[in-house]
Amino acid sequence: FNTVLLLHMNETSGSTVSDASSYGNNGTATGTTIVDGRFGKARGYPNQFDGVVINRNLLSSMNSNFSIEAWIYPMAPSDVNHRRAIVDQRDSSNGTPVINVTICTLWAAHGTKNISIVIRDDGGNLTEYYGTTEIPLFNWTHLAIIRDYSNSKLLCYLNGIKELDVS
């Protein structure tokens with residue numbers, strides 16, 4: 001595996017979020033605030049469309065191995081009309097997701113906040129997977145997503161406990 005993006009988000013001012021990998025994929029924070037994090041500083045995302053924008057196509061194909069990790073601290077519940085994005089990479093030509101990881105409210109279990117992962121294969125087909133564990137508000141949760149393409153696996157862990165294991 002090769003680290004192509006590593007954002008510690010330890011900046012104390014400004015809108016630039018520095019990439020600690022050797023690739024220099026710095027991001028631009030929009031609508032975020034600098035807050036105390038799990039380790040050092042972090043970025044608060046008060047609104048649904050706030051975040052850090054990376055102007056690079058980091059996952060051009062889902063036909064590869066990758067991992068995504070994040071410490072998340074949800075402070076506001078999602079409702080059935082909104083999702084709180086953690087990772088969102090879209091195809092620049094048509095806006096469809098390549099990968100989208102959110103905390104969302106499930107229609108069938110209104111009021112619970114679960115992980116949702118949408119991935120697109122190279123044929124353009126979208127598949128959405130839902131976790132079953134509720135993400136607590138006002139608590140740190142460690143999220144790890146692993147795409148093991150060679151074994152046709154998508155794994156998701158919350159606080160080190162397997163949440164999803166799909167082929």
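Reader: What makes Y73, M75 and F138 a nonpolar surface patch?

Author: In this predicted model, Y73, M75 and F138 together make a nonpolar surface patch of about 320 Å². Residues qualify for such a patch with over 30% relative accessible area and no salt bridge, and nonpolar side chains, Met, Phe and Tyr among them, are joined within 5 Å. M75, with 56% relative accessibility, is over that 30% cut-off.

Reader: Why is M75 counted as exposed, and where does M75 lie?

Author: The relative accessibility of M75 is 56%, and exposed means over 50%, so M75 counts as exposed. M75 is found in the loop between strand 6 (66–72) and strand 7 (83–90).

Reader: Why is T141 called buried, and which residues is T141 in contact with, leaving aside its neighbours within four places in sequence?

Author: T141, which belongs to strand 11, has a relative accessible area of 2%, and because buried means under 20%, T141 is called buried. Leaving aside its neighbours within four places in sequence, T141 is in contact with A70, W71, I72, I135, P136, L158 and N159, where contact means heavy atoms within 4.5 Å.

Reader: How do you know that strand 11 and strand 12 pair?

Author: Pairing requires at least two bridges between the strands, and six bridges join strand 11 (residues 141–148) to strand 12 (residues 153–158), so the two count as paired, running antiparallel. Within this pairing, I146 stands opposite L155 in strand 12. The two strands form a hairpin with four residues between them, and S152 in the turn has a positive phi of about 55°.

Reader: Why is T28 described as partly exposed, and how far apart are T28 and N55 in space?

Author: T28 lies in strand 2 (residues 27–30), and its relative accessible area is 38%; buried means under 20% and exposed over 50%, so T28, falling in between, is partly exposed. T28 and N55 are 8.7 Å apart in space, C-alpha to C-alpha, and 27 residues apart in sequence. Leaving aside its neighbours within four places in sequence, T28 is in contact with S15, G51, V52 and V53.

Note on methods:
Residues are numbered from 1 along each chain as its sequence is written. This is a predicted model: local features need pLDDT of at least 70, side-chain atom pairs count only at pLDDT 80 or more; totals for chains, interfaces and linings use all residues. Side-chain values use heavy atoms; hydrogens and water are left out. Buried means under 20% relative accessible area, exposed over 50%, partly exposed in between (1.4 Å probe, protein chains only). Patches are made of residues with over 30% relative accessible area and no salt bridge: like charges are joined within 9 Å, nonpolar side chains (Val, Leu, Ile, Met, Phe, Trp, Tyr) within 5 Å. Accessible areas come from the Shrake-Rupley method with a 1.4 Å probe; for residues, only the protein chains shown count as cover. A salt bridge is a side-chain nitrogen of Lys or Arg within 4 Å of a carboxyl oxygen of Asp or Glu.
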